[in-house]
There are 2 protein chains.
Amino acid sequence: MTDTKFLLPESAIPTHWYNVVADLPAPPEPPRGPDGKILAPDALSAIFPPALIEQEMSAQRWLPIPDAVRDIYRLWRPAPLYRAHRLEQALGTPARLYYKYEGVSPAGSHKPNTAVPQAWYNAQAGVRRLTTETGAGQWGSSLAMAGQMLGVKVRVYMVRVSYDQKPHRRSMMRTWGAEVIASPSPHTTAGRAMLEQDPDSPGSLGMAISEAVEEAAGRADTNYSLGSVLNHVLLHQTVIGLEAKEQLALAGESNPDVVIGACGGGSNLGGIALPFIKDADVRLVAVEPSSCPTLTEGTFEYDFGDAVGMTPLLPMYTLGHDFMPPTIHAGGLRYHGDSAIISNLVKAGRMEAVAYPQGKTFEAAVTFANTEGKIPAPETGHAIRAAIDEALAAKETGEEKVILFNYSGHGLLDLSAYDDFLNDRLIDA
Amino acid sequence: MTDTKFLLPESAIPTHWYNVVADLPAPPEPPRGPDGKILAPDALSAIFPPALIEQEMSAQRWLPIPDAVRDIYRLWRPAPLYRAHRLEQALGTPARLYYKYEGVSPAGSHKPNTAVPQAWYNAQAGVRRLTTETGAGQWGSSLAMAGQMLGVKVRVYMVRVSYDQKPHRRSMMRTWGAEVIASPSPHTTAGRAMLEQDPDSPGSLGMAISEAVEEAAGRADTNYSLGSVLNHVLLHQTVIGLEAKEQLALAGESNPDVVIGACGGGSNLGGIALPFIKDADVRLVAVEPSSCPTLTEGTFEYDFGDAVGMTPLLPMYTLGHDFMPPTIHAGGLRYHGDSAIISNLVKAGRMEAVAYPQGKTFEAAVTFANTEGKIPAPETGHAIRAAIDEALAAKETGEEKVILFNYSGHGLLDLSAYDDFLNDRLIDA
């Protein structure tokens with residue numbers, strides 16, 4: 001039997017991020033201000049450091065990864081590529097299933113791939129304090145860890161309902177020295193207004209973004225940091241796909257037939273898929289929840305990135321910035337919009353999109369756990385569902401397909417979701 | 001800078017376990033029945049399969065690892081060896097700190113190293129049902145996963161207080177198909193007697209062992225499985241140290257100066273330390289909680305392995321089988337006795353033992369999390385405390401010591417313990 005794990009030495013950590021903007025099928029449309037005018041780069045300077053604004057606007061194909069960032073990446077990168085032999089056997093498929101395991105990072109997901117450079121570029125610019133928001137907690141944890149390692153204080157506005165329901169994510173962020181505040185909070189104008197209206201508000205991601213942006217914009221010593229959607233975030237995540245290409249070669253494979261990732265804002269999907277963009281024979285597949293079907297049922301237009309209209313307007317598929325998705329467990333996929341890059345690819349027909357109800361994704365996640373061992377995050381369960389369905393289709397046709405998916409994060413802080421699934425308590429969405 | 005991770009290919013997974021019984025400094029003393037007579041091997045046959053009884057009694061130095069077991073080990077083994085560069089820098093020590101990362105297994109600790117062969121040997125013997133007990137849940141989770149992969153049903157008696165306080169470990173076991181029952185339970189004579197006495201009993205590890213053993217002994221289709229203490233358990237864990245030796249060589253090191261592991265029953269410590277037993281220049285160090293100081297303050301004598309006297313008598317350091325340790329967070333270290341092998345080594349002077357109060361171990365664990373990223377299990381925090389103290393001692397003397405410790409498991413299901421530490425709610429023990 002061939003190997004299960006394909007490992008690269010630390011010297012193989014990429015030296016450059018891949019900027020897909022240089023190779024998009026259609027020219028990218030620029031972000032615009034609320035007045036509809038194309039955004040000037042300095043409109044972002046109140047909340048982002050110059051280096052990140054430059055990356056956000058760049059059309060240069062390869063951008064260098066600073067040595068100090070690669071040095072922290074070494075704590076968990078290169079992430080292993082696994083072949084899911086036991087899952088293949090259980091499915092009886094002739095397909096070969098590979099997954100890139102991003103759960104290996106200390107925070108448990110791909111998010112530190114961008115948290116570390118974001119904290120580092122801010123520190124380089126003399127910024128020693130960052131605000132951000134978090135829903136399920138994967139992003140807040142990652143920025144907390146990165147900030148701790150790079151001497152940047154982090155304040156996380158955590159959606160109140162998650163703050164109450166996921167005390168362990170909260171403890172994780174505090175262990176890494178971050179300040180965690182339930183949102184809506186009395187610290188901001190937006191928060192106070194919301195609390196006045198409803199003192200028991202459960203909060204929302206949109207509200208938490210508003211609070212984090214308001215604070216960063218209003219304080220000279222503080223910047224803001226975002227965990228998905230933006231070009232520079234997807235840029236940082238391309239280490240995933242760049243490594244996976246090398247590892248597939250180690251496994252004796254040429255290009256995969258299909259590359260799959262769950263899609264909320266688009267960062268883990270972009271990370272694994274973008275480096276394959278020029279390989280025309282490789283299908284790229286976005287997987288989203290049926291209950292938040294941005295790519296499969298949304299419209300392509302300029303919309304705000306947050307719920308209350310504080311961000312620039314972005315060209316993307318959207319369900320409307322006031323869309324409120326049901327409270328499914330894959331909190332990382334509950335986003336009304338999508339990355340402009342992912343939207344560009346879907347619109348141009350270079351990327352496909354599928355949607356699943358959460359029950360089907362948990363079925364797939366449990367099948368994975370029972371064969372391969374690892375218990376995936378609910379978000380990752382979406383990618384696994386699509387990968388299994390591709391493998392079953394290959395069984396029908398007898399094709400020896402090569403399927404690659406991104407195992408974006410582990411589910412060890414999401415076990416109550418499995419409990420809900422096993423006890424038939426999932427909401428039907 | 002030298003590498004951070006030292007990785008071995010799957011072909012380097014050991015082909016044999018190392019049986020230290022062949023090389024103990026003093027001849028091992030045999031287990032005895034309650035009547036004081038030396039135990040006959042068939043006295044164990046009601047609850048263990050023949051192959052495991054043979055391993056338990058064996059004095060042969062190398063015992064082969066079945067291919068089917070190595071095949072499942074490949075899902076996470078060889079486990080990586082890391083050098084803790086960032087921790088070294090933070091401590092300002094000339095010592096080189098290495099840790100073997102057993103948190104990489106799907107269940108999150110070293111426990112699957114023995115859960116897999118135990119489930120496999122039982123399945124080979126036609127046994128399709130196992131009972132066991134679990135306290136904190138690391139062991140129960142590991143046997144659940146192994147049983148699921150090998151077609152063996154698992155029933156876990158989980159100490160009632162943990163069952164109520166750690167719902168996520170419970171969900172993990174259920175995700176892997178195990179049945180989890182709060183102990184004391186109405187399923188056994190022992191459980192019913194306890195419930196009659198106190199319907200709200202919080203349970204204890206001793207009580208849970210009694211229930212699991214009673215059920216296995218009374219049912220022809222069911223065996224019992226134990227996660228530590230016994231010779232065959234330590235035997236299976238030697239893959240840890242065998243791999244670590246190869247990895248230190250990859251790192252350009254000869255033998256370490258000191259090898260450190262936390263010690264409850266002794267399985268993770270034995271796993272990393274036993275393969276170094278014949279390297280006379282390597283110090284071996286057991287780290288235990290001050291509140292359960294078996295090796296540092298117990299006496300060496302024959303005692304029962306469980307709290308109520310159902311097991312054979314074992315020659316070991318013990319605090320008395322009715323000793324009830326305070327409810328510290330390192331549940332895996334709350335054991336009145338110790339492995340006969342570890343006890344033999346300490347008695348003979350080949351292994352040292354130190355004890356720490358839990359506050360000092362959490363300080364060390366947080367220092368580790370803030371430098372290296374990973375958040376360790378409270379048990380692992382004990383090994384880290386001792387490793388840091390060795391590194392600080394080396395700083396005093398200016399020695400370039402090589403320190404190896406076992407990172408026995410991650411703390412992602414123990415985050416409420418960190419919350420207690422950060423909020424000054426730890427009990428002073």
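I began with the sheet of chain B in this predicted model, where 4 strands form an open sheet in the order β8-β7-β6-β9, with parallel pairing. I noted that β8 (179–183) and β9 (223–224) of chain B stand at the edges with a single partner strand each, so one side of each has no neighbour in the sheet. I then looked at helix α5 (residues 138–150) of chain B, which packs on this sheet by touching β6 and β7 (153–159) of chain B, and whose direction makes about 160° with that of β6(B). Between β6 (residues 129–134) of chain B and β9(B) I found 2 bridges, the strands running parallel, and in β9(B) the bridge partner of B:L130 is B:N223.

Next I turned to chain A and looked up its strand β6 (residues 129–134), of which 6 of 6 residues are buried. Both faces of β6(A) are covered, with A:R129, A:T131 and A:E133 buried on one side and A:L130, A:T132 and A:T134 buried on the other. I traced 6 bridges from β6(A) to the parallel strand β7 (residues 153–159) of chain A, where A:L130 stands opposite A:V154. With helix α5 (residues 138–150) of chain A, these two strands make a right-handed β-α-β unit. β6(A) also pairs in the parallel sense with β9 (residues 223–224) of chain A over 2 bridges, and there A:T131 stands opposite A:Y224.

Last, I compared the copies: chain A can be laid on chain B with an RMSD of 0.0 Å by a turn of 180° and a shift of 0.0 Å along the axis. The two copies are therefore related as by a two-fold rotation axis. In chain A, the C-alpha nearest that axis belongs to A:L412, 3.4 Å from it.

Conventions: Residues numbered from 1 in each chain as written. Chains lettered and ligands numbered in written order. Predicted model: local features only at pLDDT ≥ 70, side-chain atom pairs only at ≥ 80, totals over all residues. Heavy atoms only, no water. Least-squares fit on C-alpha atoms with pLDDT ≥ 70 in both. Pairing = 2+ DSSP bridges. Contact = heavy atoms within 4.5 Å. Axes fitted to C-alpha atoms, helices over the stretch in contact; angles between N-to-C directions. Buried < 20%, exposed > 50% of the residue type's maximum accessible area, 1.4 Å probe, protein only. Right-handed = clockwise from strand over helix to strand, strands pointing away.
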